[in-house]
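Please examine the sequence and the model shown below.

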Amino acid sequence: MGNNLIKKTQYINPDTGEVTNEKVQHLAAAFHDEKGYLFWARKNFAKSFADVGFPESMTMKERGQMVTLVKHMWSNTNMLGYRGSGGVKAYNEEQIGELVGLRAYQAKEFVRSMIRVSMIAKVTVLVGSETITQYYINPIYFFGSNRIPLNLYLIFKSQLDKVLPRWVRDEYAASRDKAK
């Protein structure tokens, strides 16, 4: 099979038959002669980085618990979440504990500990009169996408600024200023 594919999408006015818009995308082939098969390309995933170690104060049990939590990151947001009634919901501390085999009181300490080592961030959002708490996994350790959106950058800014090039930090600053 060839190494490249072209996806062509046409938007056609059904009344006139006129092509009103056309998009051409160049896609990687599912199989490449030298690189092999593009495995589960459209599934949710999380990356970790071999040259980024865990914080030294983390126990082996906590490391395993974090690897378990990574399977519960919501798509490309790095938020710990699930699909519930009414859409995407954030896991609370007790639910996080259940995912990693902890009781409620143990879950609170585990989450606090992961926040202390910057593995997880707690974000509180006011939506109307409702306060929602969300937990995000630091993309330096585990990441569910190829691109860091502005909100995730802002959540972990102090950690990310240590590893991102200056020009990227400048782009985020410009994006943040535009959003204001």
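What covers the buried residues of H3? In this predicted model, the cover includes helix H1, helix H2 (93-99), strand S9 (120-127) and strand S10 (130-137). The residues concerned are Ala107, Phe110, Val111, Ser113 and Met114, each of them buried in H3. An α-helix has 3.6 residues a turn, so residues three or four places apart point the same way. On the face of H3 turned away from the buried side lie the exposed residues Tyr105 and Arg116. The helix itself has 13 residues, and the distance from its first C-alpha to its last is 19 Å, close to the 18 Å expected at 1.5 Å a residue.

Two packed helices are described by the angle between their axes and the distance between the axes. For helix H1 (residues 60-70) and helix H3 (residues 104-116), the angle is about 90 degrees and the axes are 12 Å apart. H1 is therefore roughly perpendicular to H3, given that angles of 65 to 115 degrees count as such. Glu62, Gln65, Met66 and Leu69 are the H1 residues that meet Phe110, Ser113 and Met114 of H3. Sorted by class, this contact of H1 with H3 comprises 4 nonpolar, 2 polar and 1 charged residues. Phe110, Ser113 and Met114 are also among the buried residues of H3.

Helix H6 (residues 166-179) can be read in a similar manner. Its 14 residues should span 20 Å at 1.5 Å a residue, and the end C-alpha atoms are 20 Å apart, which agrees. Val168, Arg169 and Tyr172 are the buried residues of H6. Viewed down the axis of H6, they fall within an arc of 100 degrees, so they line one face of the helix. These buried residues pack against helix H4 (150-155). The exposed residues Arg166, Trp167 and Lys178 are carried by the face of H6 turned away from its buried side.

Two loop residues remain to be considered. Most residues other than glycine have a negative phi. Ser118, in the loop between H3 and S9, has a positive phi, near 65 degrees. Asn78 also has a positive phi, near 70 degrees, and belongs to the loop between strand S6 (73-74) and strand S7 (79-84). Asn78 counts as buried because its relative accessibility is 0%.

Terms used. Residues numbered from 1 in each chain as written. Predicted model: local features only at pLDDT ≥ 70, side-chain atom pairs only at ≥ 80, totals over all residues. Heavy atoms only, no water. Axes fitted to C-alpha atoms, helices over the stretch in contact; angles between N-to-C directions. Helix = DSSP H or I, 4+ residues; strand = E, 2+ residues; numbered from the N terminus. Parallel < 35°, antiparallel > 145°, perpendicular 65-115°, else oblique. Contact = heavy atoms within 4.5 Å. Nonpolar A, V, L, I, M, F, W, Y, C, P; charged D, E, K, R; others polar. Expected span 1.5 Å × (residues − 1). Buried < 20%, exposed > 50% of the residue type's maximum accessible area, 1.4 Å probe, protein only. Arc of directions from axis to C-beta.
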